[in-house]
Structures are given as C-alpha cells and as structure tokens.
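Let's look at a structure together and learn how to read a few of its features. Have a look at it first, and then we'll talk.

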Amino acid sequence: MATRPEDVEPQPRPARAAARPGPLAPPMDLAELIADRETRIVVCCGSGGVGKTTTSAALALAAAQAGRTVVVLTIDPARRLAQSLGLVELNNEPRRVDVPGAEGELHAMMLDMKRTFDDIVAAHSTPERAEAILENPFYQSLSSSFSGTQEYMAMEKLGQLRASNQWDLIIVDTPPSRSALDFLDAPNRMSRFLDGTMIRLLTAPARAGGRAGLRFASAGFMFFSKIISKILGGQLLRDISAFVAALDTMFGGFRERATATYELLRRPGTWFVVVASPEPDALREASYFVDRLSAEGMPLAGLVLNRTHPPATTALSATRAEGAAEEAAESGAEGAEVAAAALRVHAERMVVAAREQHLADRFTSAHPEVAVRTVPAAAGDVHDLDGLRVMAGELTAPDADTPTGIPRTRVLPARRG
Ligand SMILES: Nc1ncnc2c1ncn2[C@@H]1O[C@H](COP(=O)(O)OP(=O)(O)O)[C@@H](O)[C@H]1O
Ligand SMILES: [Mg+2]
C-alpha cells in the first residue's frame, strides 16, 4: 500500500538537509492528452467543491479547440455555468455549445439521474411492467434519493454515450460526493443493494407466493416478517415487494451493466484526472483516490491542483517585504502608505503560497510518480466561456511558460540543491 502524506514519519535530518531540493513532481501534459486521438474518456474526480465541474468543462473546451468532437457530461453544474453552456433545460441529452473559432465541436449535457434510471427500466422490461415500476413509490424514492444512485447513473450515462459512438472524446465530471471513491464504488453498491439479503428476505413472501404458495414461509419467518412490517409499515413493504418482483428480471442486467462500465474505465484510452484544492482535506482525499486507482489498474493522468495563489514575484521574500513595509510606513514619505500596503499584501501572498507549496510537496513525497499541474485561482468565479477559456489555457499551456518563471507544476520555485 502506498503511504499517505500524514503517515510519513519525520525523517532524521541529514547533515546537508538545507541543500536538498524539495520533491519535484513530473509535469502533466494535458494538451497532448486531449489532442491524442487514442484518448477517448477523461474522468475528472476529487472531493466536493474543488473544481471538478469547472475543470471538466474547461478541458472539454480545450479539446474542441484542438479539433476534437467532444461531449462533457456535467453533474450539478453551478447555475451560471449551466446557463452559459446552454444547459438550462434538462433533457438528459447532449447539446451543442457554440464555440466561435473552434476547429472541433463541443457538446455538453447535465445528468438527469431520475430520467436515466427511468430509461434503463423502460429499456429492460415490457411497457406494462415498466409502468408498474415507474409508478411504484419505492422506485420513485430509490431513483431520486438513494445515496449512490447519482454515481451509478453517471456511470450508466457514460456507458450510453460511449456506446453511441457520436463523440471521439467524452469528458466526465463526477458527482459532488463527500468521498471521491464513491464514484468507483457505486456500481457495486447498487447491485449489492438490489441483490441484497435484506431485500430478498423482506420480499420472500411475495416471491414464494408467486411461485409455490407459502410452502417456504415457516411460522417463525411469518412472525419475523410481521414485525418488520410493523416497523417499516405495511405499505412500504408491499411497495418494496412489488418493486423487486417487477425488477427481478433485471437483476442480472444491472450487475452486468455495472461490470461493463467498470471495465470501460480500465480500457486503454481512459484517463483519470484527480482535482484537488491546496487544502489538507482535499489533498488527503486525492491521495486515497490515487492509491485506489493504482490498486485497480486504472490510468491516472495526474493531479490538478486548482485555485492556487502564486505570488506576482518571488524576488522579494515575505520577511523582507514585511520589513520594507515597516520602513516605508515609518518614513512618512509621500505614497508610503500605499507602498506599505502593497508590500504587506505581497508578504501575505508569499505566506499563502508557501503553505500551498508545502501541501503539494507532501503529496509529491507520498506519490513521486504523479504528475502535477497547478491552476491559479481566477479573480472571480468561472462561469462563462471566457472564464473557461482562461482556465483551459492554464490547464494546457506549456509547463515553463509563465510570467513569473515558476513552472506550472509548482506554486513557488523549487529550492536549488
Ligand atoms: N481556478 C478557479 N478560479 C476561480 N474560481 C474557481 C476556479 N475553479 C473553480 N472555481 C469556482 O469554484 C466553485 C466550485 O467549482 P466546481 O467546479 O463547481 O467544483 P466541484 O464540481 O468540484 O464541486 C465554482 O463557483 C467555480 O466557479
Ligand atoms: Mg460539481
């Protein structure tokens, strides 16, 4: 098992510790990755709020600009972003987004979880049966609120988009789960749930009744079943029974589909991009995810460290900026206050950048092979094509091409060895 950053014991300092350079993460070439025709699926994952949806949309835009016919499957995009992508009406199908000057095509869709579930039911049963399932209250709550349904349906939709063969690249955003791992666990959890002992037990009378009367229902079981019926309420139990009985023919279907989509994620041409903000929790989650991907043999493109705060210049350290600010303030000269304020802002910025770099270094120490790309925080939210264009540039520009000379793998320059 790979080490997590927080497990790394402080090492005894070697004699020349001060001269050692920090860990250097390999650069990540997302421009090449999305331009490569062999790349067919890119999955953006990470914990909630780190910028998965924005990164997915920006990468899709970059891909369209690079000439690809791309679809981005977004999940719960922020309202203004959805609007600027033309996704105000939910119809669970991709729509073309007009990108002036793009060589390729950008299509975007917003996942409608319930509708995706309904479509599966319709595709896998007779019309009468489908109607019975769709009207079943238990199905209705399962399809709109069961934890994991959204993750499962995202996988399902991905499978559908891939099968339709209309796009040469699919970029997938993942649900705003607490844990990034939920996305990978969803198919299994869903089929375990539908196939679970509890559900089988609860619905045993209905099944036995259908096939061979109550022959199997012992007095003890009937007693148990009555108690459960009291606790859960008779109606719910009948709902569940009816639902499972109707879904019976689909059990194999669900499991097979889950397995097929999971396999799709392991095929050559699929890449994962892990997104994190420079915060301990987000990076810890990214760390777990990286370990899990490697355990499952799924290919990782690298880590996008989003919303970093690189300083405008690194020529002036925080300490020196603080000192200069004090001197300026004391001098009382004309304009000194403004200069002092600017110097203090710079000093703060250097402290923030140092903290962010420290967190990034910890991640890289634990995962030295994982490529990193930093994306500076934009001044405001990223909610329109212009904002996405800027972000696309940050994600795909050459590693060394920055105004400050700091490579895009870092927030601050590496210490010289
Ligand atoms: N690099 C960035 N600079 C500024 N704002 C950003 C950046 N990346 C994301 N945001 C903003 O952060 C918020 C959360 O981003 P979002 O992509 O919805 O996160 P997630 O999908 O991971 O929950 C959005 O309001 C988005 O505009
Ligand atoms: Mg999101």
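## Reading the model, feature by feature

Q: Where does helix α7 run, and how far does it reach?

A: Bear in mind that this is a predicted model. Helix α7 covers residues 149-164, which is 16 residues, and spans 22 Å from its first C-alpha to its last. That is close to the 22 Å expected at 1.5 Å a residue.

Q: Which residues of α7 are buried?

A: Buried means under 20% relative accessible area. In α7 the buried ones are T149, E151, Y152, M153, A154, M155, E156, K157, L158, L161 and R162.

Q: What comes just after α7?

A: Here's the general idea: most residues other than glycine have a negative phi. Just after α7, though, N165 takes a positive phi of about 60°, although N165 is not a glycine. N165 lies in the loop between α7 and β5 (169-172). With a relative accessibility of 55%, N165 counts as exposed.

Q: What phi does D76 have, and where does D76 lie?

A: D76 has a positive phi of about 50°, and D76 isn't a glycine either. Look for D76 in the loop between β2 (69-74) and α3 (79-84). Its relative accessibility is 48%, so D76 counts as partly exposed.

Q: On to cysteines. How many disulfides are there?

A: A disulfide is a covalent bond between the sulfur atoms of two cysteines. In this model the count is zero. C44 is in no disulfide, and the nearest cysteine sulfur, that of C45, is 7.3 Å away.

Q: Which parts of the chain does the pair link?

A: Distant ones: F272 is in strand β6 (residues 270-276) and F289 is in helix α14 (residues 280-296), 17 residues apart. F272 is buried, with a relative accessible area of 0%. F289 is also buried, at 0% relative accessibility.

Key. Residues are numbered from 1 along each chain as its sequence is written. Chains are lettered from A and ligands numbered from 1 in the order in which they are written. This is a predicted model: local features need pLDDT of at least 70, side-chain atom pairs count only at pLDDT 80 or more; totals for chains, interfaces and linings use all residues. Side-chain values use heavy atoms; hydrogens and water are left out. A disulfide is a pair of cysteine sulfur atoms within 2.5 Å. Helices (H or I, at least four residues) and strands (E, at least two) are DSSP runs, numbered from the N terminus. The expected span of a helix is 1.5 Å times one less than its number of residues. Buried means under 20% relative accessible area, exposed over 50%, partly exposed in between (1.4 Å probe, protein chains only).
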